[in-house]
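Me: I would like to go through this structure in questions and answers, with the cut-offs stated as we go. The sequence and structure come next.

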Amino acid sequence: MNRQNAEQLITEYIKPVFGFAVKRCRSIQDAEDLSQEIILKVFRTLTLRDDIADPEKYIWRIARNCLVNYYRGKGKQSMGIPLEDISELSEPAGFISDIEDRAAAEKLQSEIAYLSKLQRRIVIAYYYENKKQPEIAAELNIPLGTVKWHLFEAKKELKRGMEMERKASELKFNPVVLDAVGVNGSVGEKGGADRFLRSALSQNIVYLTLREPKTVTEIADSLGVSPVYAESEAEYLEEYGFLIKQGDKYLSNVLIDEPNAEINDLHDKMYEKAAELFANDLYDELVSSGILDDDNVKCDVISGGKRDINYLLWALIPYIAALSGEKDMDGTVSFEEAATPRPDGGNFICCASVKDPDATPIKYAESMRKWCGPCWTWIDKITLWQINSEWSAERSNYLGEKTRADLLILKRLYGGEKLTEEEYSVLAEQGYIKYENGQAKSLCAVINTKTKAKLLAFGDRIKAKYKKDFEELKAPFVNAVMQHTPQQLKKARQFGHQYIFYSDGWFLLYCLKTLTENGKLKPPSEEQKKSLTTVIVME
């Protein structure tokens, strides 16, 4: 190129080159020195060569090379240069405006997040923290050659990432919301599943990986988040059993019910019909049998001068519905096969559903949100069995060491011992008893094992009577659900299906709904709500 043309081209790029240097140097003096070096090298080359096909592109290549050399010559403390400026990851096709340059820098930074955890640490240490390679090797306790290899591989990965377009799924702008997150089993020290699946990120990770295993990169791309956050959350969920790791991919370990009109309809019809058959027969037999007046069924709740049979039925009907007929229950899949042990001591199957305001909900879905149980605690030959529901007052005496301590006090009470005033107060506060004028009155249904067998016999006979009906009601629902259940969750789903019409919250809820709606069961009083649906069994 002749001198005149070279001077003209250089004149056009003096300001852009100076701007390039200013943004990448710690001081104006450094920027002036660097821009002069770039202009001088470009001018010399242009006047000596005639084979430069794209002078504009060449100027920026020289600028980047000078930047690297100047950086090394000045030392790491004199300039603050990000990775995108000192590595030849991508060369601009021409002058990039301030906005475009920022976008490129952001793109590169997002691509760094897609590197493996080790590569990411090495790249950040080398380019951003200005550490030497031997120093990095010592800090990470890896060979120097490994550091060099990862830097080389990272450069290739970043080049590839800068050139590709990452496509997010609909979940990026329309994330799912998991509803009715619950467990079947025992929670650990960190609490139930809702503590782990509390964020949109965690919920959408377990949903995204429900039917197909995904790498961290695939999760990040689909959700439109940094892989750094996706990786951290996925590792945490996998550690506590909410994800299953298969090689470098993650697979959901959460039973998630998605909106499905066919399954919802089968669900409603199955429970409605089964509860109608069972609950009405059970109510009629219990009321007519005289067992509710038996002294072996202890309950001191009085209404109209006599035992409140309605209140007692609120406890005994769901209790019998849950535990009767168990000898005929399919036990093919054990809890140990289906549940996941957790490092905090929990051992449970996690269940949830996708919230969809436009879908037709399952009948009584709002009631089930207020439901918890049946839950039971056993210690030293005494068992506490409880349900929380829309009819109950809020109470916290579910499981845990506090409940076990309460049970030991209750055992002494029902064994005839006199308690301290403090112990009576503890039991009264939890709603087990009412303590007035030195008298303790039981607010629970208290039975012994012999009476328990008599009560469950009512349910046994009714379930035997309707066994064929129950099987016919259950089969279409179970088949439809299993067809929509991913392979890794089939054992967990099968385990749950074994309990349909037994210790099945939905069945118990439908039984109570059937009897309250037809007027057989009367709503409890406000005073009764704290102790409702509580049974204590003494062995």
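Me: What relative accessible area does Lys41 have?
Reply: Lys41 counts as partly exposed, the class between buried (under 20% relative accessible area) and exposed (over 50%), with a 1.4 Å probe and protein chains only. The model is predicted, so that local features need pLDDT of at least 70 and side-chain atom pairs count only at pLDDT 80 or more, while totals for chains, interfaces and linings use all residues. Residues are numbered from 1 along each chain as its sequence is written, and side-chain values use heavy atoms, with hydrogens and water left out. For Lys41 the relative accessible area is 35%.

Me: How far apart are N and O in the salt bridge of Lys41 and Glu37?
Reply: A salt bridge is counted when a side-chain nitrogen of Lys or Arg lies within 4 Å of a carboxyl oxygen of Asp or Glu. Lys41 and Glu37 are 4 residues apart in helix 2 (residues 28-48), and are therefore separated by about one helical turn; helices here are DSSP runs of H or I with at least four residues, strands are E runs of at least two, and both are numbered from the N terminus. Glu37 is partly exposed at 24% relative accessibility. The distance between N and O in this pair is 3.7 Å.

Me: How many residues apart are Glu235 and Lys117?
Reply: The side chains of Glu235 and Lys117 meet in a salt bridge at 3.0 Å, N to O. Glu235 is partly exposed with a relative accessible area of 31%, and Lys117 is partly exposed with 37%. Glu235 belongs to helix 12 (residues 227-239) and Lys117 to helix 6 (residues 117-128), a link between distant parts of the chain that are 118 residues apart.

Me: At what angle do the axes of helix 10 and helix 12 cross?
Reply: Leu201, Ser202, Ile205 and Val206 in helix 10 meet Tyr229, Ala230, Glu233, Ala234 and Leu237 in helix 12, where contact means heavy atoms within 4.5 Å. Axes are lines fitted to C-alpha atoms over the stretch in contact, with angles from 0 to 180 degrees between N-to-C directions. The axes of helix 10 (residues 200-208) and helix 12 come within 10 Å and cross at roughly 70°. That makes the two helices roughly perpendicular, the class for 65 to 115 degrees, as against under 35 for roughly parallel, over 145 for roughly antiparallel and oblique for the rest, and the crossing angle asked for is roughly 70°.
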